[in-house]
Amino acid sequence: MPTREQITEALKSVIDPELHHDIVSLGMVRDIEIQDGGRVDVVVSLTTPGCPIRNHFQNGVMEAVGSLEGVRDVNVGFDVLSQDEKQSLSQRLGRGGGPLPAGSLAQVTNVICVASGKGGVGKSTATANLAAALFAEGRATAALDADVWGYSIPRMLGVHGRPMVSADRKIIPLETHGGIKAVSIEFFLDSEDQAITWRGPMLHKAIRQFLEDVEWGQLDYLLIDLPPGTGDVTMTLAQLLPHSKFVIVTTPQEAAQKVARRAAETAVRYDIELLGVIENMYGEVFGEGGGQVLADELDIPLLGKIPLTEGVRRASDAGTPIVLEDPDNPASQAFFHAARGIIAATPQEIRMLATPVVAGITGTPLPMAP
Ligand SMILES: Nc1ncnc2c1ncn2[C@@H]1O[C@H](COP(=O)(O)OP(=O)(O)O)[C@@H](O)[C@H]1O
Ligand SMILES: [Mg+2]
């Protein structure tokens, strides 16, 4: 029979597909027991009980340990990392660095991350239009451009410049179209083409800073345009903002919907709630239906289906989302539909006393009974 050490060595070939490290160095191997008759029991700790990639670990462990000489049977069990263990895992990876200090987003009711499996599917277009639609519906809204490699929120919302810094050294978001707040890495670059070569830890630090060091103020919705893909950014957000929710954007084709599904499953893995799917660019070119299939697979609503139309791109390129430029356009209607779906699915804090209406009233006061 192999020794514990040999089994541990073999388990180093089992790689977590999202965290890109082996399960031994990630501290996910909880227990190894060598039984009589050539049986080995291995317990793997997962980040969350319903981990969708459980099978991946099961097969990986069976293969790695089963191929050792003398092993006839491998038994794989699972348990879940404790909150502390998850924390130390993310610290080991240099991520997150723990939850945000209390009060950072104290006045933000909902944080919604817009995610996609790959780039070019309209994630930023959706973020900009949803922000505008939520704002048009009377909600205080901000868009945070966390796609540091492909930032496009400033162009789509028509907002550029360098933010001011408040007396207590917080960044004041820029405002556009009557009060939609926006923050993007673009605001902090010296020239438009300045190359940024973000490495993992820097990206995590940047996201943390955007959440912590920006004076977001009172917001009903903070929308975050995530970089495309899976994995570590999601983990960072799960650490920083355990109550954030995800909206998944996909195009109608099957291939796109498969990659989007992977992004969704990563979120599920970290206990992040999925609000729904947006299918973008449906029509003659890409077909139709991938969004509904994905929504059904994930058992979440299809929030909206946005047609592929020239107007969407033109409006974005001109800096005014189509929902503001042409609210009656079918694409705008679809974005409004999605925004109302989001409103229906998220808590609305009633701020009856938020804005004192006493000061600044003009006109003739009503005659009041003494
Ligand atoms: N429904 C649509 N109809 C037409 N063009 C669209 C639509 N959605 C997005 N686009 C265009 O497709 C390109 C990619 O969209 P973008 O939002 O930048 O994708 P991502 O953020 O996912 O990389 C942009 O030029 C955008 O204007
Ligand atoms: Mg984008």
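The model is predicted: local features need pLDDT of at least 70, side-chain atom pairs count only at pLDDT 80 or more, and totals for chains, interfaces and linings use all residues. Residues are numbered from 1 along each chain as its sequence is written, while chains are lettered from A and ligands numbered from 1 in the order in which they are written.

Start with the eight-stranded sheet. Eight strands form an open sheet with mixed pairing, in the order β6-β7-β5-β8-β4-β9-β10-β11. Its edge strands are β6 (174-176) and β11 (302-307), and each of these pairs on one side only. From one strand to the next the twist averages 25°. Two terms need their cut-offs here. Strands are DSSP runs of E with at least two residues, helices are DSSP runs of H or I with at least four, and both are numbered from the N terminus. Two strands pair if DSSP finds at least two bridges between them.

Now look at β8, residues 219-225. Six of its seven residues are buried, so the strand is largely enclosed by the rest of the structure. Buried means that 20 or more other C-beta atoms lie within 10 Å of the residue's own; 12 or fewer makes a residue exposed, anything in between makes it partly exposed, and the C-beta atoms are placed from the backbone. Strand β4 (residues 108-116) pairs with β8 in the parallel sense, over six bridges. Here Cys-113 stands opposite Ile-224 of β8. Strand β5 (residues 141-145) also pairs with β8 in the parallel sense, over five bridges. In that pairing Ala-143 stands opposite Leu-223 of β8. In a regular strand the side chains alternate between the two faces of the sheet.

Move on to β10 and β11. These strands run parallel and are joined by five bridges. Glu-279 stands opposite Lys-305 in β11.

A second sheet is open and has three strands, in the order β1-β2-β3, with mixed pairing. β1 (29-34) and β3 (73-80) stand at the edges with a single partner strand each, so one side of each is left without a neighbour in the sheet. The twist averages 15° from one strand to the next. β1 and strand β2 (residues 39-46) run antiparallel, joined by five bridges. Ile-32 stands opposite Val-42 in β2.

What is the burial state of Val-44? This residue is found in strand β2. Val-44 has 22 C-beta neighbours inside 10 Å, so it counts as buried. Val-44 and Asp-31 are 13 residues apart in sequence, and their C-alpha atoms are 7.2 Å apart in space.

Two partly exposed residues come next. Asp-22 lies in the loop between α1 and β1. Asp-22 counts as partly exposed because it has 17 C-beta neighbours inside 10 Å. Its C-alpha atom is separated by 7.7 Å from that of Leu-11, 11 residues apart along the chain. Glu-85 is found in helix α3 (residues 83-92). With 15 C-beta neighbours inside 10 Å, Glu-85 counts as partly exposed. Glu-85 and Gly-27 are 58 residues apart in sequence, yet 8.7 Å apart in space, C-alpha to C-alpha.

Turn to the helices. Helix α1 (residues 4-11) packs with helix α2 (residues 54-66) at an angle of about 130°, and their axes are 9 Å apart. Axes are lines fitted to C-alpha atoms, for helices over the stretch in contact, and angles run from 0 to 180 degrees between N-to-C directions. α1 and α2 are therefore oblique to each other. Angles under 35 degrees count as roughly parallel, over 145 as roughly antiparallel, 65 to 115 as roughly perpendicular, and the rest as oblique. The crossing of α1 and α2 is right-handed: the near helix is turned clockwise from the far one by less than a right angle.

Helix α7 (residues 232-240) is largely enclosed by the rest of the structure, because nine of its nine residues are buried. Among them are Asp-232, Met-235 and Gln-239.
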